[in-house]
Amino acid sequence: VTPSVSEMLGLQPSALIGKMLPDLFSSDDHQRVIDDFLKSLGGQNLMNEYRIVLISGEPRWVVVSSKPFLQDDQTIGVCGTITNIQQRNHVIDSIIRESRINAEIAQISQLILSTDGIESISKQILKQALIITGSQHGFLAYREPYSGDIIIPAVTGTPDPQSDSSNHRSGDGFFSEIEKWVADQDHPLIVNSARESSACSQLSSGITPIHRLVSIPARIGTTHWGWIVLVNKSIEYTCEDVCFVEQVSSLFSIAVSQRLSDHSLKRSEERYRTTVDNLDDMVHVIDDEFKLILYNRKVKENAANFSGLSDSLLGKSIFEVFPFLSPDVFTHYDQVLKTGQMNRTLDTTRVNNMVVYTDAQRIPVLDNSGKVIRIITILRDVTEFKRIENNLKGLANDLERRVAHRTSELASKNKALETEIEQHRKTAYALDLSQELTRTLMNTPYI
């Protein structure tokens, strides 16, 4: 046994001599080690990867090159070399995990851009979160803005979350106690032992006790839209698990906010005459000369803040009230007047050294002849959404750069490993020559 092998295993050479070979390796690899040893005894040169077990109990991946040891053309044993490849395999595993997470994030992002409802998107997010983190159970929740109820669009009660009924209300499912507890948490929470949290130790899922838990709030800016909760991973939750769940929680919050906003928009369109002044969105109605004939509180507030107008805005042109609107806005209104078709645009406005992104929906009102006589406009500030979108794009680009860097790093390590293996082969060849010389000297009669 060479000193390098002794150092790798953490045992003195005297402790290794006479030790059963399979005992140095992981129990999962025992049979392969024995089979390969017998093959080498049979005359084969082999190179395979195994897991050795250090004295500390930690597994470590190695490459073992083995060949028969001959004397007088008879195999009397097996000799070989051991190379540590733990770091290389760790890099490979990290790259695979990052690539997998990147693919899942991209898939969920595509779902958000689709017309799928909250229930469908939530089930997919939960399914992928369970797979990536290795959790047994979990649920997604959001607070219904009108009633204040906690809605559960996706929850596991069986091994397949897609087979569960959806849109539970708080208290209806087997996570009822956790739902109440998590709803009071406004920060990420990770519990790897029930003893770490007295509250967690008192909770029961109705299926199995809670041993480990990770809970991440779904936010956009300071607005808290809901939660993602996962429980009972077979091993401890890691910072990597939390990072992944935080990414998907951001996507979940965007999906919830968009779908709920669309729902709110439809209700406001149906009852805008009675509810327009209570909306957080800017809502106004102009005639075919772009003059205001109706507006809500939000329009008046913005006119005062950005244009310094505190008097009545009725009869004023929208472009007089907000002179900083871009020429594209006029084009969008002109298109509605000419076509009689509703349009929806993302407008960019520069005001007071700020860039504001607005989701603008313009709805024409026609007379009996089909002429546009009014345009109802609903404006929503989506600057925060745009910032998150840009952050997500930046995250995707960063992931691509990291994967490229890791790939390059792996190529470099592989090259070094190949050089080391080649050196071991040369050493083995020199060992063969030494054996041959020894046999020659032993067989040469004394003169």
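Figure 1. Surroundings of Ser40 in the predicted model. A polar atom of the Ser40 side chain lies 3.5 Å from the backbone oxygen of Gln44. The structure shown here and in the following views is a predicted model. Ser40 belongs to helix H3, which spans residues 30-41. With a relative accessibility of 0%, Ser40 counts as buried. The side chain of Ser40 also forms a polar contact of 3.0 Å with the side chain of Ser66. When neighbours within four places in sequence are left aside, Ser40 is in contact with Leu46, Ser66, Lys67, Pro68 and Val78. The five-stranded sheet. Strands E11, E10, E14, E13 and E12 form an open sheet in the order E11-E10-E14-E13-E12, with antiparallel pairing. E11 and E12 are the edge strands, each pairing on one side only. From one strand to the next, the twist averages 25 degrees. Within the sheet, E10 (282-287) and E14 (residues 372-381) run antiparallel and are joined by six bridges. In this pair, Met282 stands opposite Leu379 of E14. Helix H10, made up of residues 297-307, lies across E10, E11, E12 and E13 and runs at about 90 degrees to E10.

Figure 2. Strand E12 covers residues 343-351. In a regular strand, side chains alternate between the two faces of the sheet. The covered face of E12 carries Asn343, Thr345, Asp347, Thr349 and Val351. Its uncovered face carries Arg344, Leu346, Thr348 and Arg350. E12 pairs with strand E13 (residues 354-366) in the antiparallel sense, over nine bridges. Thr349, a residue of the covered face, stands opposite Val356 in E13.

**Figure 3. The hairpin of E12 and E13.** Two residues lie between the strands of this hairpin. Asn352 takes a positive phi near 50 degrees. Asn353, found in the loop between E12 and E13, has a phi near 65 degrees, a positive value in a residue other than glycine. Asn353 counts as exposed, at 86% relative accessibility.

**Figure 4. Phe290 in the loop between E10 and E11.** Phe290 is placed in the loop between strand E10 (282-287) and strand E11 (292-295). Its phi is near 70 degrees, which is a positive value in a residue other than glycine. Phe290 is buried because its relative accessible area is 13%, under the 20% cut-off. Leu337 is one of the residues that touch Phe290.

Figure 5. Leu337 lies in helix H12, which comprises residues 327-339. At 22% relative accessibility, Leu337 counts as partly exposed. Not counting residues up to four places away in sequence, Leu337 touches Asp288, Phe290, Val372 and Ile375. Of these contacts, Val372 and Ile375 fall within E14 (residues 372-381). The C-alpha atoms of Leu337 and Ile375 are 8.2 Å apart in space, and the two residues are 38 residues apart in sequence.

Methods
Residues are numbered from 1 along each chain as its sequence is written. This is a predicted model: local features need pLDDT of at least 70, side-chain atom pairs count only at pLDDT 80 or more; totals for chains, interfaces and linings use all residues. Side-chain values use heavy atoms; hydrogens and water are left out. Buried means under 20% relative accessible area, exposed over 50%, partly exposed in between (1.4 Å probe, protein chains only). Helices (H or I, at least four residues) and strands (E, at least two) are DSSP runs, numbered from the N terminus. Two strands pair if DSSP finds at least two bridges between them. A polar contact is a pair of N or O atoms within 3.5 Å; within protein, one must be able to donate a hydrogen and the other to accept it, and residues adjacent in sequence count only if both atoms are side-chain atoms. Contact means heavy atoms within 4.5 Å. Axes are lines fitted to C-alpha atoms, for helices over the stretch in contact, and angles run from 0 to 180 degrees between N-to-C directions.
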